Amino acid sequence: MSDLSYQNKNAFDVLSETELKEVQEYCEGYKKFLDNGKTERFCVSYAVSLAEKEGFVPFVDGKKYNPGDKVYHVQKNHAAIFAVIGSESPEKGFNITAAHVDAPRLDLKPSPLYEDNGMAYFKTHYYGGVRKYQWVTRPLALCGVVCKKDGTSVNINIGSDPEDPIFMITDLLPHLAKDQSQKPLAGAFAGESLNILLGSEPEKNEEKDKIRENVLKALNQKYGITEADLLTAEITVVPAENARDLGFDRSLISAYGHDDRVCAYPCFTALLKTTAPKKTCVCVFADKEEIGSVGISGLRSDYMTNFLLALCDGYNSRVAFANSAAISSDVAAAFDPNYPEVFERRNSAFINCGPAICKYTGHGGKSGASDACPEFIAKLLGIFDEANVIYQFTELGKVDQGGGGTVSQFIADRNIEVIDIGVAMLCMHAPCEVAAKTDIYMLDRLCEAFYKNY
Ligand code: MN
Ligand code: MN
């Protein structure tokens, strides 16, 4: 290849033996982050516990902060913002990363419990871009919170510990699946059939609905709750498997919820290392991205804007926003050799080739895209090169094959320059997604360089 040509780099050609050991160590922390954060609530509270160990304190609007101070804001227990105060004026702009910590899953309906033919079930309502067939006949866990009228709350977390029982959605046996097998994939599994099997033993002292009553008894014994408490609960059904190394070489991780905790974690760990930045550095854990960033914890809400306004501390916030830069860090689709037909190879992301930069997202004629400015991208690449960060450019599959969006457009709405950069992964949105360890490590390095040097 001549000097005039350009080619992606592979992390294994770039990283030293020592660095490859660091990759493995770094990803042990990431796997813990995943296992402790199977819902956005759990993810936020786990991150807050890590941040507090590093000296982060709850942000108080109106309070004066000094360079090097570390603060965080938790948004309704579903989203969070972490910041390290810079030595320069807020008018120089903020360096922001934003990733979402919600992931596709099945939520329990408000009145979920019923009994049918000797078995008890929970009704569910799927959340986000779920391919329903992937959720049947696999071990499931229940994660969430029950909030009581007296202001107390109880965390529910059962199924992920190897000692716990698991739950499951059953499927037809092939012997009787003749009709089901003829249906198109999208219609073969109905939303209303994603019911979670909970048990089969009757409560002897009850007259009717004995199995249902037995489930209530178990819930009451374990969590002190009643059926009425489920009305105010937020309980989600997630895969019971914890994160696992994948492959003989342990170069990959199979896990639930890589999208988008695989970006949230590096954005966060890089901030923890950023102790005396020039510009104030901000890491946002957003919620509800999978359903359009709506609601009070989604990035269409004003909470991020209000936090940044508070950080402006009397300085001109319009100038501060106009000078700010953001990385919307969300996952990219990695080229999958099993399905080459949906990718355009020249503009695809590849496993182990570094964080994937997406100039624009959207679908069709770039509809719904935030299209980053070339001046901004070039400046970023200069910083990444300087820090020995490898990266690659990508689009989400072939033109007109589909598409997708991220939180970038909602950041751009605030007049903050933004680009999408994230880890490329296989089988996005499946109950077990696959990402490469070097890419996760490299995103941490990229974010660290961005916070320090942009
Ligand atoms: Mn995502
Ligand atoms: Mn997603």
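This is a predicted model: local features need pLDDT of at least 70, side-chain atom pairs count only at pLDDT 80 or more; totals for chains, interfaces and linings use all residues.
Reader: How is the chain divided into domains?

Author: The assignment gives two parts: domain 1, made of 11–103 + 256–453, and domain 2, covering 105–239. Taken over C-alpha atoms, the centres of domain 1 and domain 2 are separated by 33 Å.

Reader: What area is buried between domain 1 and domain 2?

Author: The general idea comes first. The size of an interface is often given as the accessible area lost when the parts come together. Here domain 1 and domain 2 bury about 1,500 Å² between them, and carbon and sulfur atoms give 56% of that area. Within domain 1, K38, F42 and P431 supply 37% of the area buried against domain 2, more than any other three residues. In terms of contacts, 18 residues of domain 1 touch 18 residues of domain 2.

Reader: Now the metals. Which protein donors hold the manganese ion (ligand 1)?

Author: A metal site is read by listing the atoms that coordinate the ion. For the manganese ion (ligand 1), these are H100 (NE2), D259 (OD), D330 (OD) and D330 (OD), at 2.1 to 2.6 Å. Along the sequence, the donor residues of this ion are spaced H-x158-D-x70-D. D259 belongs to helix α8 (residues 258–272), while D330 sits in the loop between β14 (325–328) and β15 (332–333), so this pair ties together parts that are 71 residues apart in sequence.

Reader: Are D259 and D330 buried or exposed?

Author: Both D259 and D330 are buried.

Reader: What coordinates the manganese ion (ligand 2)?

Author: Its donors are D259 (OD), E290 (OE), E290 (OE) and H429 (NE2), at 2.1 to 2.6 Å. Their spacing along the chain is D-x30-E-x138-H. E290 is found in the loop between β13 (281–286) and α9 (303–312), and H429 in the loop between β21 (424–426) and β22 (433–436), so these two tie together parts 139 residues apart in sequence. A residue counts as buried at under 20% relative accessible area. E290 is therefore buried at 13%, and H429 is buried at 17%.

Reader: Which residue bridges the manganese ion (ligand 1) and the manganese ion (ligand 2)?

Author: That is D259, and the two ions it bridges lie 3.3 Å apart.

Reader: Let us turn to helices. Why does the end-to-end distance of helix α2 agree with its number of residues?

Author: A helix can be checked by comparing its expected span with the distance between its ends. Helix α2 (residues 17–36) has 20 residues, which at 1.5 Å a residue should span 28 Å; its end C-alpha atoms are 29 Å apart, so the two agree. In α2, the buried residues are E19, L20, V23, Y26, C27, Y30, K31, F33 and L34. They cover an arc of only 160 degrees around the axis, which puts them on the same side of α2. On the face turned away from that buried side are the exposed residues E17, T18, K21, E25 and K32.

Reader: How many residues does helix α3 have, and which of them are buried?

Author: Helix α3 (residues 40–53) has 14 residues and reaches 20 Å from its first C-alpha to its last, close to the 20 Å expected. Its buried residues are E40, R41, F42, C43, V44, Y46, A47, V48 and A51. Just after α3, G55 takes a positive phi of about 95 degrees.

Reader: Where does P340 lie?

Author: P340 is in the loop between β15 and β16 (356–358). P340 is partly exposed, with a relative accessible area of 38%. Between P340 and T305 there are 41 Å in space, C-alpha to C-alpha, and the two are 35 residues apart in sequence.

Methods
Residues are numbered from 1 along each chain as its sequence is written. Chains are lettered from A and ligands numbered from 1 in the order in which they are written. Side-chain values use heavy atoms; hydrogens and water are left out. Helices (H or I, at least four residues) and strands (E, at least two) are DSSP runs, numbered from the N terminus. The expected span of a helix is 1.5 Å times one less than its number of residues. Buried means under 20% relative accessible area, exposed over 50%, partly exposed in between (1.4 Å probe, protein chains only). The arc is that of the directions from the helix axis to the C-beta atoms. Donors are N, O and S atoms within 2.8 Å of the metal (3.2 Å for Na, K and Ca); water is not among the atoms, so sites may look incomplete. Domain bounds come from an automatic or database domain assignment. Contact means heavy atoms within 4.5 Å. Buried area is the accessible area (1.4 Å probe) that two parts lose on being put together, summed over both.
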